[in-house]
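Please examine the sequence and the structure shown below. The paragraphs that follow lead through a group of paired strands and then a pair of packed helices.

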Amino acid sequence: MTTISENQPPFEHLLDVRDLHVEFRMRAGVAKAINGVSFHLDERETLAILGESGSGKSVTAQAIMGILDSPPGYITGGQVLFQGADMLKMKPKARAAMRGPKISMIFQDALSALNPVFPVGWQIAEMFRIHRDMNRTDAMAQAIRLMERVRIPGAKERYKAYPHQFSGGMRQRIMIAMAIALDPWILIADEPTTALDVTVQAQIMDLLKELQEEFGMGLILITHDLGVVANVADRIAVMYAGRLMETAPVGALYANPRHPYTIGLLESVPRLDSKLGETLPAIGGLPPNLLRMPAGCPFNPRCRFAIDKCREGVPPDLTDLADSVPRRAACWRVEDPAVTAEARIAVGGDQS
Amino acid sequence: MGKYVVRRLLMMIPTFLGATLIIFYLSFALPGDPTAGRCGERPCPASYVEWFRSHYGLDKPFLVQYGIYMGRLLTGDLGTNYYGNTVIHELAIRYPTTLKLAVIAIVAEILIGIGAGILAGIRRGRFIDSLVTISTLVVIAIPVFVLGSLAQMVFGIKLKWFPVTAGDGTWGQLLLPGLVLGSLYVAYVARLTRTNLVENLRADYVRTAYAKGMQPARAIGLHALRNSLLPSITYIGASFGALLGGAIVTERIFNINGVGSLIYRSISQRDGTTLVGAVVVIVVIYMVMTLLVDLLYGLLDPRLRHE
């Protein structure tokens, strides 16, 4: 299934998001949640979208899936190309038919994401019933197969159990089974481990990684957890106030962050070699209110490198950086030696 | 499950004792004389009053009377009223009518109440939503004796769509009174359904339903609605219990010979036996209905199952 038939139009990437804009029209005003986000995802690749709460990670995922709450959310511009075809131009029915077999999603809180009044097995089987018109018995067999695949003990006996009868980790496994049921090309995982305790987190991430390799999926991992990203992702996109601040392969980003926001994030990670009693550095201030965005770069009020240029006019675009790997950052001062020097200090000296 | 039912049934005993004690005391304390008017225009002779009071045990202290009554009740005897009719007979001839009224009201609750609630919920903020919100508010605000008289006047007398009274208790005659009786419950059901649907449409599992590729018809009609209707179903069940207790005002307006009229008459004629007997039956029906609703809720919502 990973080969594409010849008669399909050629496309550069499996998923190509171009200049996406989303706004929320509310009584208090228009909140510009996503402001020109562009990224791509290839087959078998894992892209991590990293950002604070309210940075627009989940909204980006929902816009790609086409499940944005509307009203109040509206996609006001851009393209979401799946295998070269713009999903934003599709009719709702065609769009819905893609959710499951082409692209699927798992959510942060599996307890509320699963319907409390239907058995979990039934909810997995539902995928086969709505997309493949499968009969009850066959769909049930498929669901049990998937429950076994995500390693739910006693899958057959637990087919009829309800979500509240499972532990948090098991519920997330059910969600995963549901999402991979129809062998999708892309899986979006929106904070899949945030609600789980640390040991279970690792199990779920391992499972996701394993399934990604088995099914050859592209994985978009949305998280605020720098630790989760480091082990799993191929590339990282750092998001702030509805914009991408920096994108880079995971190794390059951790070894050498270039955007001041990324530098700040990595500085705030606790380190084993820090002295006892030392205060953990933090980025001062709060993310901007989306209803009242500052002029210039959205990060400028919290940026220690900000100059006059950063505080006026339009924010900088993502631009290619001179490096051995393809990476981009949206900062006027990114090539400034002063910033570059700080970046090296941030990650604990030049390791190269 | 079985344990739960047994516990609930046992809990009915104190409820039942408390309810009968209160109603028995109230009818005992009611001012007035049951022998008044039994002897034409003249007051009854003292010898008759004395015979009457001792025959019906009215000369005994309250607790003794209550004890005797409860003793008979345990053998299934609701007593014989001052007119020589058994209370069971009085209730038996009126319950079919009350049941019909209740059924009409319940059907209206299910069809109109739930229907309007769903429409308003999925068209939140639109015209139909405002229409439902305002019209239910009007119905809730108007007392039933105003609504009943108004309906009788407009649909019965002016438009002649319905019979003006319902003395025979046929389905056709009871339709208008049944709708009047149900209107308040219909309004509450509509509001309850709307509120719950609006809330559930924003629920995470509905978003999951869309993420699974469902069309809105299934995401809303199956996933959101299934959860939204739980409180409405409970409410409708409880209202059925209440409706089976008879409707004094509505029955009076439309001259219906149901349980409500029986209770009204027994109060005005100081017929304590009938009054207490009727209330005892109503209390039992209500308790059983409540238990059935609670069991139904557990069946519909697996989180509340009584294991």
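Two strands pair if DSSP finds at least two bridges between them; strands (E, at least two residues) and helices (H or I, at least four) are DSSP runs, numbered from the N terminus. The model is predicted, so local features need pLDDT of at least 70 and side-chain atom pairs count only at pLDDT 80 or more, while totals for chains, interfaces and linings use all residues. Residues are numbered from 1 along each chain as its sequence is written, chains are lettered from A and ligands numbered from 1 in the order in which they are written, and side-chain values use heavy atoms, without hydrogens and water.

In chain A, strand 1 (residues 15-26) of chain A is joined to strand 2 (residues 29-41) of chain A by ten bridges, and the two run antiparallel. They form a hairpin with two residues between them. A:M26 has A:G29 in strand 2 of chain A as its bridge partner. Strand 1 of chain A also pairs with strand 4 (residues 73-82) of chain A, in the antiparallel sense, over eight bridges. There, A:V17 stands opposite A:V80.

In chain B, the axes (lines fitted to C-alpha atoms over the stretch in contact, with angles from 0 to 180 degrees between N-to-C directions) of helix 9 (residues 216-243) of chain B and helix 12 (residues 272-300) of chain B come within 8 Å and cross at roughly 170°. The two helices are therefore roughly antiparallel to each other, a term for angles over 145 degrees.

Definitions and conventions:
Parallel < 35°, antiparallel > 145°, perpendicular 65-115°, else oblique.
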